[in-house]
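This report describes a two-part question: how each chain is built, and how the chains meet. Please read it alongside the sequence and the coordinates.

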Amino acid sequence: MKRTAKYLFAALFVLLPLSAAMAQDARLHFERLNALESRARDVVEVNVDGKLLDLAKRVTAKSGDADAKKVALAIDGLKGIYVRVYQFANENEYDVSIVDEIRTQLSAPGWERVANVRSKRNNQKVDVYTMFTGQVMSGVAVVISEAKSVALVNIIGPIDIDMLVQLGGKMNIPNIDIERELKNEIPPKE
Amino acid sequence: MKEDYLWDKTGEDAEIERLENVLSVFRHQGSEAPMPSVAPLPEPKRGWFFPLRFAFAAGFAAVLVTLAAFLIMPNRNAVPVASVEPSGMAEPPVAGQFTNEAPITRTDVPDNSAVAVQRPEAARSVRAEKIVARNESIKAVRRTAKRHPSPALTAEEKHAYQQLMLALSITGSKLKIVKDAVNGTDAASEDLKKSIR
């Protein structure tokens, strides 16, 4: 009886923090995506976390711009945001298994798929996952793969997604070619 | 004259004796001289009237100085005596652009203005009010500038802000793609359902 209790206690001691860590770890590992860099025509890599994020939050909060204030409210609990976008010159120029490996990470416990779109037009695959710790959103992952491009977004911490969608494209930042081309490639709705 | 009599009254000296007899009236009797009666000095009056008089004089002097300043200052700045009604054409002062020579309430006054030229005292008070209003507006602008300063960002802050905005913009556009894709799928499935019916 005493041994059983000891084993049970030990199991709980090991499993509980492990599960907690797994549940809370919304960070995806993008190391394998480095293989796409050599083949991509355009690469966008943005990592904002830690002190950089704190600094940016302070600046955003101080800004008098109305959109910036909305952003400041939306990202108040944000802990990190990681973006990878790869644009290729030709179709199917990248190894699809690399992107599938990222999707495999999202099948781990804690992640819930909220959107799954497959379209043969442009070979588009869209996946959106969220992770919740209790009632609080702890992560968001967006994986969009098309014939000529791959885009991954990993957000750690709560964020107002609706606000992001509203402000998408409105922020006063330098335009990047990759965004214009993707907009041109998306066919209009019939 | 024998000097001994004068020295220690030894001997005889008729002339000295005669003088002594004549002046004996004034001889010291041996008692202290009576103190003369001295009238006590009157205590200074500490009534309320004296400080009031002084305060009144000081206040009157201050008023004179102020009026003199008002008389002098407008002459230097060449502000017209006639009062001017502000119109919507006047631009509010902007921090950093305000100069002491531009009263904020001054606007274009037509030549045939029906505004009467006021008496000097009233004009001075109007000018004083304008100066006070101008100073208050300067203070308000400075307070506003302090509260909402245009942020002087360091290179590090700029970089952080730009990186964050870039990340959020890309995220927003990708989420919009997702939204469009989902809406497109929903629309396609609705069309399919309608066609089956």
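## Model and conventions

This is a predicted model, in which local features need pLDDT of at least 70 and side-chain atom pairs count only at pLDDT 80 or more, whereas totals for chains, interfaces and linings use all residues. Residues are numbered from 1 along each chain as its sequence is written, chains are lettered from A and ligands numbered from 1 in the order in which they are written, and side-chain values use heavy atoms, with hydrogens and water left out.

## The two chains

Chain A has seven helices and six strands, where helices (H or I, at least four residues) and strands (E, at least two) are DSSP runs numbered from the N terminus. Starting at the N terminus, the order of elements in chain A is α-α-β-α-α-β-α-β-β-β-β-α-α. Of its 190 residues, 42% count as buried; buried means under 20% relative accessible area, exposed means over 50%, and partly exposed lies in between, with a 1.4 Å probe and protein chains only. Chain A exposes about 11000 Å², of which carbon and sulfur atoms supply 54%; accessible areas come from the Shrake-Rupley method with a 1.4 Å probe, and for residues only the protein chains shown count as cover.

Chain B, by contrast, has five helices and zero strands, and buried residues make up 17% of its 197 residues. Among contacts in chain B between residues at least 6 apart in sequence, 53% join residues at least 24 apart. The accessible surface of chain B comes to about 16200 Å², with 60% belonging to carbon and sulfur atoms.

## The interface

The size of an interface is often given as the accessible area lost when the parts come together. Chain A and chain B bury about 3100 Å² between them, 82% of it on carbon and sulfur atoms, where buried area is the accessible area (1.4 Å probe) that two parts lose on being put together, summed over both. On the side of chain A that touches chain B, the largest share, seven residues, comes from helix α3 (residues 50-62) of chain A. The residues of that side divide into 33 nonpolar, four polar and three charged, with Ala, Val, Leu, Ile, Met, Phe, Trp, Tyr, Cys and Pro counted as nonpolar, Asp, Glu, Lys and Arg as charged, and the others, Gly among them, as polar.

In terms of contacts, 40 residues of chain A meet 28 residues of chain B. The count of salt bridges between chain A and chain B is zero, a salt bridge being a side-chain nitrogen of Lys or Arg within 4 Å of a carboxyl oxygen of Asp or Glu.

## Salt bridges

Over all chains, the count comes to eight salt bridges. One of them joins A:D127 to A:R103, with the closest N and O atoms 2.5 Å apart. Because A:D127 lies in strand β4 (residues 124-133) of chain A and A:R103 in helix α5 (residues 96-105) of chain A, the pair ties together parts that are 24 residues apart in sequence. Both A:D127 and A:R103 are buried, and the two belong to a network of salt bridges that links A:D100, A:R103, A:R113, A:R118 and A:D127.

A:R41 forms a salt bridge with A:D42, in which the closest N and O atoms are 3.1 Å apart. A:R41 counts as partly exposed at 43% relative accessibility, and A:D42 counts as partly exposed at 25%. In chain B, the side chains of B:E20 and B:K9 meet in a salt bridge at 2.7 Å, N to O. Here B:E20 lies in helix α2 (residues 14-22) of chain B and B:K9 in the loop between α1 (3-8) and α2 of chain B, so the pair ties together parts that are 11 residues apart in sequence. B:E20 counts as partly exposed at 25% relative accessibility, whereas B:K9 counts as exposed at 52%.

## Two residues of chain A

A:T130 lies in strand β4 of chain A and counts as buried at 7% relative accessibility. Leaving aside neighbours within four places in sequence, A:T130 is in contact with A:G110, A:W111, A:E112, A:V114, A:G139 and A:V140.

A:N116 is found in strand β3 (residues 111-119) of chain A and is partly exposed, with a relative accessible area of 41%. Not counting residues up to four places away in sequence, A:N116 touches A:V126 and A:D127.

Methods: Contact = heavy atoms within 4.5 Å.
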